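Subject: Structure handover

Hello,

Here is the structure for your next look. My notes follow below it.

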Amino acid sequence: MIKIDHKTNINSLEKSHNELCKNNKIDVSISKGQTSADFGLVPAIIQFFATWYNKTIESKIIIDLKKEEDLKDFYELDYLFPVIAYCWSRNIEDNNGKDLKPLLKIQNKIKHDKMKIQSEGGGHKVLLSCFDHLSVKNGLLNAFYTDGIFISNEMQFDFAIEKSIKQAITFNRSLAIANFIPNYEDIIAIIYELMKNTDDWARTDEFNKPLSPNTRGLFLKFHRRKRENFSTMFENTNGLKNYFSIQNFVANKQDELYFLELSIYDTGIGFIKRHLTKGETTPESASQIDIIKHCLIRNNTTATGIDKTIKGLGLDRIMKILDDKGFFWLRTGNVSVFRNLRENRYKESAKSDDIELYDWFSNSSKEYTNLCPVQGSVITLVYPLSNVTDA
């Protein structure tokens with residue numbers, strides 16, 4: 001049995017993926033409590049369950065529930081609702097084998113209704129999830145869609161999602177004015193581009209057939225800690241450790257730094273499979289890196305809609321926005337890669353060879369770990385809300 005509990009982090013999830021590679025009949029247990037502060041953990045857990053769902057048979061989810069009235073507390077786990085909605089066709093039980101779906105259905109509705117009107121609450125974080133296998137009314141959120149059509153006008157998109165962004169980021173009025181407002185347009189642009197890409201690319205399989213089940217979403221979380229804590233917390237993750245050790249992030253009087261975690265996830269076929277020729281086998285990790293690099297070139301992740309307009313400028317625009325301040329992490333296919341754009345500055349190029357991506361585990365831009373394959377993609381960005389001085 002695989003356990004998702006307070007000890008779960010990005011690296012331990014990879015061990016769970018390894019177990020899935022070995023066993024297609026394995027249950028997953030969910031315990032209350034999520035203490036890891038890993039950036040990208042919430043969408044990574046959703047991705048894990050989507051991978052589990054698509055790789056296993058006759059397996060179930062077990063919620064470590066002591067008494068029924070405690071179920072509401074489990075929904076404080078940010079990942080739980082999208083996981084339950086995605087895996088609904090599987091058995092979901094308590095430790096005694098009791099079917100929990102009647103109780104889960106009640107909590108799902110409460111959670112989903114709040115999500116629809118962007119009033120989740122629960123601190124400076126927001127999760128917004130769309131479900132393509134549900135009806136347009138129930139599956140697509142007004143934060144991203146109008147009558148089932150993605151909000152392609154960026155100004156209208158800004159207005160539609162403003163409430164959620166403010167919930168995640170408005171931690172103090174005076175500090176918000178100083179640190180948030182100057183970055184607001186960048187944050188809107190990032191969310192717009194990444195969610196637009198999921199609408200363009202992550203709703204169908206390689207044969208252009210709708211995926212069912214399928215979920216796509218946004219997770220925002222405000223992180224505020226003392227400068228030294230950011231680097232020590234990620235002692236075993238070289239990429240983040242190096243990023244947070246950079247000294248020219250300007251702290252407040254308490255030596256605290258502010259960062260926004262901005263994650264977009266989807267449970268589609270992923271970057272790699274999407275860019276393969278139909279019937280082509282999945283290549284080795286080095287070739288997968290080449291595909292990702294190709295996606296980072298301007299317009300290579302765009303699509304043309306029925307109105308013949310270009311839908312977004314893709315990941316290249318994201319890299320421009322993050323240049324000299326942000327951190328980029330992508331988990332898809334068999335690879336997990338990052339780019340610290342404080343150290344590895346953006347450079348517009350038409351050649352994928354000019355783009356450097358680093359392996360999450362080896363910290364190398366030449367040798368990449370061949371991981372177990374995952375469903376869909378997770379992109380997590382670390383965006384500094386503290387002022388940044390010139391290097």
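Start at helix α13, residues 285-295. Helix α13 lies across β10 and β11 (335-340), and runs at about 50° to β11. Please keep in mind that this is a predicted model.

**The sheet**

β10 and β11 belong to an open sheet of seven strands. The order is β5-β8-β9-β13-β10-β11-β12, with antiparallel pairing. β5 (125-131) and β12 (358-359) are the edge strands, each pairing on one side only. Inside the sheet, β10 pairs with β13 (residues 377-384) in the antiparallel sense, over six bridges. Phe 327 stands opposite Val 382 of β13.

Asp 323 sits in the loop between α14 (315-322) and β10. Is Asp 323 buried or exposed? Its relative accessible area is 18%, and the cut-off for buried is under 20%, so Asp 323 counts as buried. A polar atom of the Asp 323 side chain lies 2.8 Å from the backbone nitrogen of Tyr 346. Leaving out residues up to four places away in sequence, Asp 323 touches Leu 341, Arg 345 and Tyr 346.

**Helix α1**

Helix α1 covers residues 10-22, which is 13 residues. From first C-alpha to last it reaches 19 Å, close to the 18 Å expected at 1.5 Å a residue. Ile 10, Leu 13, Glu 14, Ser 16, His 17 and Leu 20 are buried in α1. These residues cover an arc of only 160° around the axis, so they sit on the same side of α1. An α-helix has 3.6 residues a turn, so residues three or four places apart point the same way. What do the buried residues of α1 pack against? Their partners are β1 (2-4), α2 (41-55) and β10 (327-332). On the face turned away from the buried side, Lys 15 and Lys 22 are exposed. Asn 9 caps the N-terminal end of α1, with a side-chain oxygen 3.1 Å from the backbone nitrogen of Asn 11.

**Backbone points to check**

- Ser 212 and Pro 213 are joined by a cis peptide bond, with omega about 0°. Pro 213 is in the loop between α9 (184-201) and β8 (215-226).
- Asp 147 is not a glycine, yet has a positive phi of about 55°. It lies in the loop between β6 (145-146) and β7 (149-150). Asp 147 is exposed, at 75% relative accessible area.
- Asp 255 also is not a glycine and has a positive phi, of about 60°. Its loop runs between α11 (238-245) and β9 (256-266). Asp 255 is partly exposed, at 33%.

Best wishes

Notes. Residues numbered from 1 in each chain as written. Predicted model: local features only at pLDDT ≥ 70, side-chain atom pairs only at ≥ 80, totals over all residues. Heavy atoms only, no water. Helix = DSSP H or I, 4+ residues; strand = E, 2+ residues; numbered from the N terminus. Expected span 1.5 Å × (residues − 1). Buried < 20%, exposed > 50% of the residue type's maximum accessible area, 1.4 Å probe, protein only. Arc of directions from axis to C-beta. Contact = heavy atoms within 4.5 Å. Polar contact = N/O pair within 3.5 Å; in protein donor to acceptor, adjacent residues only side chain to side chain. Pairing = 2+ DSSP bridges. Axes fitted to C-alpha atoms, helices over the stretch in contact; angles between N-to-C directions.
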